[in-house]
Each structure stands twice: as C-alpha cells, then as structure tokens.
Amino acid sequence: GLNFIDLMVRQGNIDNPPKTPLVPGFECSGIVEALGDSVKGFEIGDRVMAFVNYNAWAEVVCTPVEFVYKIPDDMNFSEAAAFPMNFVTAYMMLFEVANLREGMSVLVHSAGGGVGQAVAQLCSTIPNVTVFGTASSFKHEAIKNSVTHLFDRNADYVQEVKRISTDGVDIVLDCLCGENTGKGLSLLKPLGTYILYGSSNMVTGETKSFFSFAKSWWQVEKVNPIKLYEENKVIAGFSLLNLLFKQNRGGLIKDVMDKLLNLYNSKKIKPVVDSLWALEEVKEAMQRIHDRGNIGKLILDVEKAPTPLMANDSTETSEAGEEEEDHEGDNENKERMPFIQ
C-alpha cells in the first residue's frame with residue numbers, strides 16, 4: 001500500500017526520519033512463505049495482510065505475527081493491501097477517539113483519498129450520520145454518493161458547513177494541518193472532537209522546502225487550553241504507526257481488525273483501490289498522491305510490469321506544491337493509469 005506518510009518519510013517531514021538506505025512502506029498483502037518456530041494460527045500458503053515497520057515495498061517481507069491478519073476469501077490481494085492502514089485509522093478515530101454515535105456529524109478532508117473513503121463507509125454503518133467532505137472538484141462526480149455534503153477543497157468550506165449546520169459539526173478529521181487546524185476548531189460544536197491525523201500541507205515539492213514547511217507550521221492554530229475549557233471542545237491526535245510500533249498496542253489493533261473484517265464480510269465496507277503500479281513506477285505513483293489525483297488507494301504490485309509511456313506522458317515532478325493546486329485534475333499522467341473500476 002502507498003500512503004501519504006510515505007511521501008512525508010521521503011522528504012524527512014516526520015519525527016526522527018530513518019537513515020538511508022531503507023525500503024519504505026508500512027502495509028502489504030501476500031502469501032505466507034515461512035513461519036517462526038513458535039508461530040501459531042498461520043500456515044505456509046495462507047493469504048495474509050500485514051503492518052510492517054518499514055520494508056513493505058519488497059518481494060519478501062518479514063514482520064511479527066501480531067501484525068499479520070488472514071485475508072477473507074472474497075478479498076483480493078490489492079484490496080487487502082489497501083485495507084489495514086486506511087480502515088484501522090478511520091475506525092479508531094471515529095469510534096475509539098471521537099465516540100461516533102447516531103445522529104452525529106463529521107467533517108473529513110481529502111474525502112476522495114483512502115482514509116476519506118474509509119471514513120465515509122464507516123459513517124454509513126451508523127444511522128443518521130451526516131458527512132461533510134472536502135475534495136478536489138474533479139473527484140466530486142466519482143465520490144458524491146459517499147458523503148452527504150461535498151465541497152471543493154479550495155472553497156471556503158467553513159461558511160458552507162455553517163450554512164447547512166449553524167452549530168457546526170461533532171467531529172473534524174484533519175489530515176492537512178496548517179490553517180485548517182483553526183478552521184476545524186472553529187467548526188466544532190460543544191463537546192465536539194477535532195482529530196489531527198496527518199499534515200499533508202507540510203509536504204511541498206519534490207524536495208523538502210524549509211520556507212513552505214515553516215509557512216504551514218506557523219498557520220497552525222496555537223491551542224489555548226483555557227479556551228478549550230470554556231468552549232467545551234476536545235482536541236486530539238492520532239498516529240496508527242506510533243500506536244503499533246512505539247506504544248505496543250498491537251492487541252488493540254487486532255480487536256479493531258476483527259470488527260472491520262466482520263463489517264467487510266457482511267458487505268458493509270469495501271476498500272477502494274485507485275490504481276496498480278509496478279515497483280519501477282513508484283515515482284509516478286507518489287506524484288499522483290502528491291497532486292491529489294487519486295480516488296482511494298494506490299497499490300504497488302510486485303508482479304506488475306511497468307506501463308509503457310505514451311507520447312504525451314511526463315514523469316517530471318513539480319518543484320512547488322503550491323503551483324500544482326491551480327491545475328488539479330488535468331495532469332496528463334492520469335490518462336494512462338490502470339484504473340480498477
């Protein structure tokens with residue numbers, strides 16, 4: 001699976017980035033080839049999906065058994081590689097952190113992405129949940145049925161939300177950071193919960209730009225605890241990778257995965273796969289995420305041959321993330337993507 005966190009790792013926009021050389025990637029699916037001496041519950045030949053603390057983008061992956069889960073019979077390998085990170089993140093934010101219940105309202109950014117689509121599907125399992133989503137305008141037709149109210153990511157969504165719901169929303173899920181932090185807090189109802197689970201605005205161009213990074217950081221709302229107390233608001237953060245690999249909560253994640261697989265087997269949720277890419281195409285795949293061109297999850301397939309480039313294709317990457325937003329949706333690279341319908 002290819003996630004936005006992989007772009008942040010590449011640019012060093014995370015705490016204590018790993019030293020090179022390294023193999024990136026945090027989730028994968030495949031067939032068990034070998035077992036440790038004390039491993040129980042799995043056999044060679046089992047179809048599985050797994051979390052990995054780096055090293056997932058490889059033909060052979062090794063990870064502790066507590067991070068491995070059997071794939072349901074009717075789930076293919078692409079869907080399985082798209083499942084763990086997105087759905088566990090969405091489930092834990094909605095139900096473990098924000099306590100989503102009937103009749104609540106949720107605002108989610110990047111509604112067309114992997115986590116955004118997982119959030120929308122999980123919200124549909126609870127009666128009368130209203131989902132407000134922001135996404136690039138060219139995605140609206142494809143995802144309009146998955147959210148209640150959909151806004152352009154560059155529009156003034158604060159006023160749009162307040163026009164529909166004057167009190168605001170119960171839950172804000174923010175993967176953008178920057179100026180959206182203050183906007184999200186301003187939209188919270190009393191006893192509402194704002195959750196920061198990413199900072200994609202910190203990812204700029206092909207290389208890390210200190211000035212763009214600093215600009216996004218200084219736009220972050222400076223949270224005043226007294227103000228939170230007076231307004232009865234909750235602010236929270238969520239990092240699935242830290243929960244798994246630094247805070248040793250693999251048992252909790254396993255319980256969540258069991259619930260999610262039950263929802264999948266009852267056909268209430270289904271991972272959305274945007275496209276498959278060969279390992280040699282990782283640069284172009286990352287650029288597609290960087291440009292917010294994907295609907296759902298991008299998958300690196302170790303058995304896939306690279307797609308031949310068309311004459312009008314360009315593998316050049318932009319140097320400035322700010323410029324890309326002006327022409328989203330017309331990236332010629334998107335025409336050759338092997339979409340999965």
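**Entry 1: Trp 57**

I listed what Trp 57 touches (heavy atoms within 4.5 Å), not counting residues up to four places away in sequence: Gly 1, Leu 2, Asp 6, Val 23, Pro 24, Gly 25, Val 282, Met 286 and Leu 300. The model is predicted, local features need pLDDT of at least 70, side-chain atom pairs count only at pLDDT 80 or more, and totals for chains, interfaces and linings use all residues. Residues are numbered from 1 along each chain as its sequence is written, and side-chain values use heavy atoms, with hydrogens and water left out.

I placed Trp 57 in the loop between β2 (47–51) and β3 (68–70). Its relative accessibility is 14%, so Trp 57 counts as buried (under 20% relative accessible area, 1.4 Å probe, protein chains only). A polar atom of the Trp 57 side chain lies 3.2 Å from the backbone oxygen of Gly 1. From Trp 57 to Val 282 I noted 9.8 Å, C-alpha to C-alpha, across 225 residues of sequence.

**Entry 2: Asn 86**

I found Asn 86 in helix α3. Asn 86 is buried, at 5% relative accessible area. Its contacts, residues up to four places away in sequence not counted, are Asn 3, Gly 114, Val 115, Ala 118 and Lys 297.

**Entry 3: α3 and α11**

I compared the axes of α3 (residues 84–97) and α11 (residues 250–265), which come within 10 Å and cross at roughly 100°. That makes α3 roughly perpendicular to α11 (65 to 115 degrees). Among the residues that meet are Phe 87 and Tyr 91 in α3 and Ile 253 and Leu 260 in α11.

Terms used: Axes fitted to C-alpha atoms, helices over the stretch in contact; angles between N-to-C directions. Helix = DSSP H or I, 4+ residues; strand = E, 2+ residues; numbered from the N terminus. Parallel < 35°, antiparallel > 145°, perpendicular 65-115°, else oblique. Buried < 20%, exposed > 50% of the residue type's maximum accessible area, 1.4 Å probe, protein only. Polar contact = N/O pair within 3.5 Å; in protein donor to acceptor, adjacent residues only side chain to side chain.
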